[in-house]
Amino acid sequence: MNAERDLAPLAPSVVRALNDKLYEKRKVAALEIEKLVREFVAQNNTSQIKHVIQILSQEFALSQHPHSRKGGLIGLAACSIALGKDSGLYLKELIEPVLTCFNDADSRLRYYACEALYNIVKVARGSVLPHFNVLFDGLSKLAADPDPNVKSGSELLDRLLKDIVTESNEFDLVGFIPLLRERIYSNNQYARQFIISWILVLESVPDINLLDYLPEILDGLFQILGDNSKEIRKMCEVALGEFLKEIKKNPSSVKFAEMANILVIHCQAADDLIQLTAMCWMREFIQLAGRVMLPYSSGILTAVLPCLSYDDRKKNIKEVANVCNQSLMKLVIPEDDEMDEAKQSTTLPTEPASEESLSKPEAASSGSLDASGDSNFSNSSVFTVTSSERIQVTLNLDGIVQVLDCHLHDTSIGMMTRIAVLKWLYHLYIKTPRKMFRHTDSLFPILLRTLSDESDEVILKDLEVLAEIASSPAGQTEGHGPSDSSDVRPGPVELHILARASQLSSSGTKSLECSPSTPTMNSYFYKFMINLLKRFSSERKLLETRGAFIIRQLCLLLNAENIFHSMADILLREEDLKFASTMVHTLNTILLTSSELFQLRNQLKDLKTQELRVQGGFGRATIHAGHHLGKPSAAAGPPFSKVTSLPATSSGDLEVTVDFLTEVDKLVQLIECPIFTYLRLQLLDVKNNPYLIKALYGLLMLLPQSSAFQLLSHRLQCVPNPELMQTADSTKLNTGYKRTTAPNIDYTELLQHFEKVQNKHLEARHQRAGRAEQLDRRVVL
């Protein structure tokens with residue numbers, strides 16, 4: 001009886017019915033409570049209304065007896081219906097006990113709680129928004145409920161709540177974001193689906209700017225994108241697509257910097273969809289934000305570079321990664337090299353950078369490596385930064401170089417990645433040479449090792465980087481020179497480009513100006529030559545397979561005369577005579593046969609002026625090296641020196657060995673090459689070239705009866721009347737022979753013609769040799 005008095009104003013019959021196990025009796029009691037509360041509302045008796053709600057909450061909804069809890073829930077719903085528009089005044093008291101029942105172990109009770117809350121929210125409408133977080137939290141739990149009835153009830157309540165949020169303009173997004181950020185990391189599929197559905201709803205509401213809080217939830221969205229459910233993945237993909245569209249429309253309000261590292265992480269994801277989506281976002285960020293992304297370059301490169309070597313199975317990712325790489329490369333500009341290390345930051349301009357202005361630095365280095373590829377920037381894609389939003393941008397060059405160096409050391413990376421790394425190094429040496437030379441000593445060894453790469457394209461890019469290091473004026477700066485003093489020649493070595501008379505100043509100093517054909521060599525040039533020869537010495541296979549290729553390419557990138565002069569000078573001090581002999585032979589073969597050295601060969605033909613006599617230093621140095629190594633003629637010197645040195649050697653002093661005859665045989669073959677057309681044409685001028693003809697007869701006498709003997713013999717039979725080979729009298733010989741050039745014979749046009757067809761003749765010869773070899777094999781079989 002005391003209990004009945006304590007539960008007043010509820011009648012004893014109502015109390016008994018609320019505790020009944022039958023739903024119909026509890027429903028009848030709820031109708032009585034609704035009638036009672038309506039009377040209190042009419043009387044404006046708030047104290048009694050609160051008392052009724054408190055009784056239903058404490059004595060019923062939070063009771064230990066399950067039937068009492070069910071009665072309390074239906075009673076609270078009846079109170080809300082009776083209150084109508086005034087229910088907003090009592091929402092806290094009405095909602096809290098119902099949400100508590102969401103955690104009940106009885107699935108039927110959870111369903112009744114969901115039903116009661118639906119009725120409460122339906123009546124209160126917009127008044128429930130101040131309690132949105134607790135409602136959302138409860139619904140997120142019910143969304144993952146194992147009972148289908150409970151899940152169905154929660155979906156009805158969820159749709160109702162979404163309608164209310166969509167209609168209202170009083171939604172507290174700031175207060176909701178922390179809860180959303182917490183719930184978005186749920187691993188339950190239904191909870192994830194619930195979260196994504198709410199994000200899509202909030203994104204669709206015009207008055208709610210969810211883009212401002214995207215950094216808070218972006219990582220969680222990418223996590224959900226990897227869900228096993230195709231439906232959830234599709235929903236998440238749609239949500240991310242909507243966000244990206246919004247970013248493109250309003251780039252000025254996007255917090256690019258806060259999301260950069262999130263994208264870097266997911267660009268390295270194992271899931272293809274996550275990686276492709278993150279890479280697409282990264283591409284748009286780089287193009288829209290511009291130099292704002294520059295401080296994150298090292299992380300971006302870590303994620304992007306490995307993707308460049310993907311096969312066709314990941315073609316889409318590879319293509320997007322390539323665009324990211326090229327766009328990021330364009331962000332590095334020469335101004336980044338002009339700032340002090342302690343203050344290496346620039347302020348973004350107040351106007352967007354156009355595609356034309358971004359590509360101007362690339363045009364300045366025309367004729368060299370195109371490191372950055374095609375531009376994907378447009379005037380409308382870079383947002384304007386107002387004066388109140390000036391951003392300090394720092395080029396983290398140390399981090400970039402560390403990432404590039406790490407990828408070069410990784411032998412497992414693909415060819416395209418290695419090429420991209422070398423393009424980056426070249427680009428940095430072009431744009432920021434002063435700062436890059438601080439890293440040259442650490443990069444130099446791996447760049448030399450990369451010359452042993454299997455790919456010719458990788459070697460070409462590597463040579464371009466090394467050539468830029470060896471020729472860049474920044475390499476002359478104090479403190480940027482080679483640190484390994486043991487690699488530098490002890491004596492003073494000058495490998496400057498020889499200035500012409502027009503380039504010399506009145507004081508005789510050399511002009512500092514240079515052209516692509518005669519670049520300035522810095523202190524790294526000689527170190528490069530020394531280490532390159534060391535590389536050839538330690539890796540003879542590299543010398544045999546790629547030696548000629550490397551040296552020929554270097555002759556295109558650097559000054560060929562300096563290369564040959566320095567190598568000859570270094571080889572004179574080489575202790576390994578066998579290697580030096582092989583190297584001299586290789587260098588001379590290149591000098592005599594390579595089209596890249598046409599100009600140098602022309603200079604060596606006529607050593608008349610003081611300048612040309614100095615430029616002929618390589619010829620003298622290699623002849624010296626050849627004699628020092630015991631190969632006086634066929635292995636050393638330019639073609640004239642080869643041919644004219646033989647008659648001066650007495651037969652008694654000359655040791656004819658198999659190796660020597662092999663070299664003479666090679667020389668005969670060289671004479672028959674198109675590149676020595678000028679030499680064969682000089683045989684027509686018997687009067688002025690008597691010693692040339694005698695030298696060729698000397699070679700003929702040294703050769704045994706072989707194919708080379710027959711070849712040279714047939715050539716000499718074409719020489720005009722032998723009587724014209726008579727030389728001047730002995731008195732003129734004693735005064736010294738001075739060679740004169742026939743004024744009526746001009747070989748220039750013929751030389752140019754035969755130089756052009758040289759490669760075609762050589763290729764035809766190789767093809768004939770290949771066919772002959774195939775025929776021999778067939779005969780053997």
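Are Phe 222 and Trp 281 buried or exposed? Both are buried, that is, under 20% relative accessible area with a 1.4 Å probe and protein chains only (exposed is over 50%, partly exposed in between).

This is a predicted model, where local features need pLDDT of at least 70, side-chain atom pairs count only at pLDDT 80 or more, and totals for chains, interfaces and linings use all residues. Residues are numbered from 1 along each chain as its sequence is written, and side-chain values use heavy atoms, with hydrogens and water left out.

View A. Ring centres of Phe, Tyr and Trp (its six-membered ring) within 6.5 Å make a pair: stacked if the planes are under 30 degrees apart, edge-to-face if over 60, tilted for the rest. That gives 19 aromatic pairs. Phe 222 sits in helix 12 and Trp 281 in helix 15, 59 residues apart; helices are DSSP runs (H or I, at least four residues), numbered from the N terminus.

**View B. Here's helix 8, mostly covered.** Eight of its eleven residues are buried, among them Phe 132 and Phe 136. Those two also belong to an aromatic cluster with Phe 171, Phe 176, Phe 194 and Trp 198.

**View C. Glu 672 reaches Arg 715.** Glu 672 lies in the loop between helix 32 and helix 33, and is buried at 15%. Its side chain makes a polar contact with that of Arg 715 at 2.8 Å (N or O atoms within 3.5 Å, one able to donate a hydrogen and the other to accept it; sequence neighbours count only if both atoms are side-chain atoms).

Note on methods
Helix = DSSP H or I, 4+ residues; strand = E, 2+ residues; numbered from the N terminus.
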